[in-house]
Amino acid sequence: MKAILRETFETTWRPQITEASVRRYVETDIGGRFVERCGTDMLVAEIGGEIAGLIHCVDDFVDALHVSSGLQRKGVGRRLMEQAERDMAAQGFRRSRLETDTFNEQSQSFYKALGYVETGRYPDEEWQSGLTTILFEKTLGSAE
């Protein structure tokens, strides 16, 4: 799990954030600490005994979705999202929410293809790099 977070940090986030934010991420092991704190609550997809992707949700919010770069666009993320949505609906939630950033056009297209719609934009304070976060929402239980 930690390896996938490191990989997606390097390929997705590092090119977009400031060097100070990169140092903070690496020096404080943000991804590793996230796995240590929340790993037992993550849903993991495996292919051939290797972790292909992971998803972490808090109530109706998809807090993290990461798929190994070599396995992206092969249905791993879609299956993780579908299971997470089923789990949310089973818990009585009527919608699913998640965030991505404006620079991440691949994730925006992915979420739109799953039926998510943009409901807000605001400064991304996590990286302190002037990025803009997009909030997406989807009504659960509707025809997909």
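**Pocket, sheet and cavity**

Sorted by class, the residues lining the largest pocket come out as 19 nonpolar, 13 polar and 10 charged; here Ala, Val, Leu, Ile, Met, Phe, Trp, Tyr, Cys and Pro count as nonpolar, Asp, Glu, Lys and Arg as charged, and the others, Gly among them, as polar. The model is a predicted one, in which local features need pLDDT of at least 70 and side-chain atom pairs count only at pLDDT 80 or more, while totals for chains, interfaces and linings use all residues. Residues are numbered from 1 along each chain as its sequence is written, and side-chain values use heavy atoms, with hydrogens and water left out.

The largest pocket holds about 1,200 Å³ of space. Its lining takes in 42 residues, and the ones closest to the pocket centre are Trp-13, Ala-64, Leu-65, His-66 and Tyr-111. Two or more lining residues come from each of α1, α3, β3, α4, β4, α5 (105-113) and β5. Strand β3 makes the largest contribution, with seven residues. (A pocket is an open set of points on a 1 Å grid over the protein atoms alone, with protein on both sides within 12 Å along at least five of seven lines; a cavity is a set where a 1.4 Å probe fits but cannot get out; lining residues have an atom within 4 Å of a point. Points are joined across faces, edges and corners, and a volume is the space filled by probe spheres set on them.)

Next, the sheet. Six strands form an open sheet in the order β1-β2-β3-β4-β6-β5, with mixed pairing. Strands β1 (43-47) and β5 (117-123) sit at the edges with a single partner strand each, so one side of each has no neighbour in the sheet. From one strand to the next, the twist averages 25°. Strand β1 pairs with β2 (residues 50-58) in the antiparallel sense, over five bridges, and Glu-46 stands opposite Ile-51 of β2. (Strands pair if DSSP finds at least two bridges between them; helices, H or I of at least four residues, and strands, E of at least two, are DSSP runs numbered from the N terminus.)

Two helices lie across strands of this sheet. Helix α4 (residues 76-90) lies across β1, β2, β3, β4 and β6 (132-139), and its angle to β2 is about 35°. (Contact means heavy atoms within 4.5 Å; axes are lines fitted to C-alpha atoms, for helices over the stretch in contact, with angles from 0 to 180 degrees between N-to-C directions.)

There is also one cavity of 30 Å³ or more. Lys-2, Leu-5, Arg-6, Tyr-25, Asp-29, Gly-31 and Gly-32 line this cavity. Helices α1 and α3 (30-38) each supply at least two of the lining residues, with α1 giving the most, three. The class tally for this lining is two nonpolar, two polar and three charged residues.

Asp-29 turns up again for its backbone. Most residues other than glycine have a negative phi. Asp-29, though not a glycine, has a positive phi of about 50°. Asp-29 belongs to the loop between α2 (19-27) and α3, and is partly exposed, at 37% relative accessible area. Arg-73 is another non-glycine residue with a positive phi, near 65°. Arg-73 lies in the loop between β3 and α4 and is exposed, with a relative accessible area of 73%. (Buried means under 20% relative accessible area, exposed over 50% and partly exposed in between, with a 1.4 Å probe and protein chains only.)
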